[in-house]
Amino acid sequence: MNEYAAVLIFLFVGIGVVLFTFFLARLVRPSNPYKAKNQNYECAEPPIGSGWIQFNNRFYIFALIFVVFDVEAIFLFPWAVAFGQLGLYALIEMIIFIVILLFGLFYAWKKGVLKWV
Amino acid sequence: MLQYLALASILFAIGIFGVLTRRNTIGILMSLELMFNAVNINLVTFNKYIGPDNLTGQIFATFVIVVAAAEAVVGLAIVLLLYRNWRGIEVDRINLMKW
Amino acid sequence: MTDQNWSILIPEIFLFIWALFIFGLDLGIKRKNPKILGYSAMAGLTITGILLAIFNGGILFKGMFQSDQLAIFFKVIFIGSAFMAVGSSFDIASEKIRHHRGEYYGLILFSTVGMMFLSSASELITLYIGMELTTIPLYVLAAFYKDDKLSVEAGLKYLIVGAFSSAILLYGLSLLYGLTGTTDIVTMKINLSLVFLSYGKIGPGLILAMIMVIAGIGFKLALVPFHMWAPDVYQGAPTPITAFLSVGSKAAGVVAFARIFVNGLIAFASDVMKPLDWGIIVAILAAAAMILGNITALRQRNIKRMLAYSSIAQIGYVMVGMVAASELGIASVGYYMFIYLFANMGAFTIATIFNDKTGSDGIISYSGLSKTSPIFAAYMSIFLLSLAGIPPLGGFAAKYLVFAAGIQAGYTWLVIVALLTSVVSLYYYANIIKTMYFSAEEPTIKIHPSFPANLVLLISVIGIILFGIFPGPILDWALESAKIFAF
């Protein structure tokens with residue numbers, strides 16, 4: 001249980017430091033709000049429209065491709081942990097696996113999915 | 001052990017409820033993920049209490065995660081098609097075929 | 001680790017690489033020669049069949065993958081259904097899916113690989129992976145007409161129901177794993193028997209697990225009451241895919257069911273096990289499927305929907321053989337699926353060609369077909385009569401065997417239901433034949449299928465007639481394959 005106590009202490013100290021700095025800043029800084037200061041910050045330009053816009057759904061396709069490759073990486077973890085005992089056999093299998101995944105990426109690329117039209 | 005299984009069954013039930021009642025397709029897909037993850041909790045729990053030295057349950061869970069991701073991606077791609085054809089993704093509008 | 005008999009995996013590996021090759025080919029050839037992809041898919045399936053004849057028999061990965069007679073028998077059905085689905089796709093491939101032909105054929109092959117794995121799986125993880133590899137490409141294929149609302153709707157419905165059912169199936173499998181501590185089906189059987197013998201009872205967990213597994217696989221098989229998706233998906237999906245769904249994916253469900261229940265949980269299929277007897281549950285579902293499928297099919301105006309309800313009923317007949325859980329029962333299931341392959345693929349191929357020509361799936365638009373295209377009207381009649389079970393076609397022998405197995409196992413009431421409902425089914429099958437031959441309307445349409453579609457039709461007709469008159473070789477093989485369950 002002692003290790004967890006350390007985590008808990010760390011957590012409280014972390015929160016405490018952040019709160020303390022906020023409090024300190026509040027004490028030191030001048031309070032002078034005006035209209036321009038209260039606006040949303042967007043690269044020094046006045047913001048156009050709401051922040052809640054619909055993203056272009058081209059992002060969506062990238063996201064889909066990402067999800068597949070991201071989750072397939074889960075197989076790498078057990079493989080990496082047991083790599084020492086598995087040896088060459090597993091290395092070759094993993095290479096085949098990754099080549100198949102790469103083929104998928106290559107196909108998507110060639111089909112023009114990754115192009116920003 | 002029982003509390004983990006109870007958690008899994010509650011999650012599973014929430015997932016079923018979500019699939020049956022949600023109108024938004026994305027919501028349905030999320031509920032499906034919930035069901036798959038309930039199964040994962042089950043598998044990992046059984047693995048821990050039955051034979052911790054044998055990783056069958058955890059391997060099974062790994063495969064379930066990957067397959068669920070593949071299923072979700074196909075689902076999201078179909079959602080994209082829905083949006084293109086219907087300009088909306090509410091399931092109760094998608095009912096061209098009945099009986 | 002390496003001292004295993006890898007060669008039995010060669011057909012699957014080959015088909016998988018061939019599918020990747022087709023994807024690559026699609027990138028390479030652009031659209032100069034549209035037919036080459038289809039022909040190469042057919043060639044790949046043929047080579048896989050030959051490889052299957054050479055490399056079989058044995059186990060791999062400590063029994064996770066076994067290439068026994070049952071697996072090979074069903075693999076032939078899967079390869080055959082994929083071959084026929086590809087063959088009947090040529091017309092739509094040149095028109096409706098011009099830009100995605102490679103994906104279309106490649107995904108059919110992926111799905112076939114999944115079915116082949118599924119039929120070889122003697123262990124729950126492999127079984128689950130095989131099942132998902134079967135269905136995930138099918139979700140995509142069902143929604144393949146991207147701008148056709150019906151097809152997209154079919155894809156969505158199939159996806160939601162498919163994922164829902166696999167979640168339920170998985171929950172059941174996880175409970176089975178929890179109850180037995182293993183995912184190997186044979187070890188599972190032994191462990192369950194040991195627990196049963198030492199305590200004299202098994203808790204409600206097993207009942208829950210069995211109900212969930214039945215529901216999960218029941219969804220894939222479109223058994224009543226898990227059938228609601230089937231008509232919509234069958235109607236909306238591209239017709240060759242519908243055919244592939246109704247034969248390939250169903251046969252896959254059947255083999256998964258046989259592996260889990262007839263092999264793993266066989267001990268619980270008897271009256272002694274009252275609350276745990278899965279046989280009676282499945283028998284009731286089968287009866288419901290036959291009654292509801294046949295009666296609802298009566299009022300369908302769309303041929304794809306009618307065939308969907310008819311296939312719901314057909315799976316009911318298959319389940320009669322399954323609940324018999326005997327050597328004859330499993331053999332009759334195999335034989336039934338084999339004949340069903342020819343009859344259903346043939347009927348759907350005609351529907352594909354017809355839809356391609358006329359853009360209509362209505363039964364009424366088939367009127368007068370016998371005058372313009374007598375050969376295809378005759379083919380269609382043969383397929384439908386075989387589905388109805390008229391001698392001397394294959395469907396008769398198949399139904400006869402299934403009923404015999406049912407009676408032998410003491411399910412007389414179920415066989416009576418089956419007999420009565422097949423009389424009902426004759427009405428709607430004959431209705432189409434009547435429309436084709438005796439309609440007063442002037443015929444307008446003449447159909448000219450492409451060469452591969454013609455080939456598929458010819459194979460189907462020959463298969464139905466030949467194996468109907470001489471059921472011997474297939475039946476012997478099916479009996480051989482049923483031996484692996486050691487009843």
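Predicted model: local features only at pLDDT ≥ 70, side-chain atom pairs only at ≥ 80, totals over all residues.
Helix H16 of chain C comprises 15 residues, 374-388, and extends 21 Å from its first C-alpha to its last, close to the 21 Å expected at 1.5 Å a residue. Of the 15 residues of H16(C), 11 are buried, so the helix is largely enclosed by the rest of the structure. Among them are the aromatic residues Phe376(C), Tyr379(C) and Phe383(C), together with Met380(C), Ile382(C), Leu384(C), Leu385(C) and Leu387(C); Ala377(C), Ser386(C) and Ala388(C) are buried as well. The partners against which these buried residues pack belong to chain C and are helices H13 (303-324), H14 (327-358), H15 (369-372), H17 (394-408), H18 (412-438) and H19 (451-469).

Chain B contains 3 helices and 0 strands, its elements running α-α-α from the N terminus on. Its radius of gyration is 17 Å, well over the 13 Å that the globule rule gives for 99 residues, so chain B is more spread out than a compact globule. The C-alpha trace of chain B spans about 50 × 25 × 20 Å along its principal axes. Buried residues amount to 36% of the 99 residues in chain B. Among contacts in chain B with a separation of 6 or more, 51% join residues 24 or more positions apart.

Chain B also touches chain A, in a contact to which chain B gives 10 residues and chain A gives 9 residues. On the chain B side of this contact, 9 residues are nonpolar, 1 is polar and none is charged.

Conventions: Residues numbered from 1 in each chain as written. Chains lettered and ligands numbered in written order. Contact = placed C-beta atoms within 7 Å. Nonpolar A, V, L, I, M, F, W, Y, C, P; charged D, E, K, R; others polar. Helix = DSSP H or I, 4+ residues; strand = E, 2+ residues; numbered from the N terminus. Expected span 1.5 Å × (residues − 1). Buried ≥ 20, exposed ≤ 12 C-beta atoms within 10 Å, placed from the backbone. Rg over C-alpha atoms; globule rule 2.2 N^0.38 Å.
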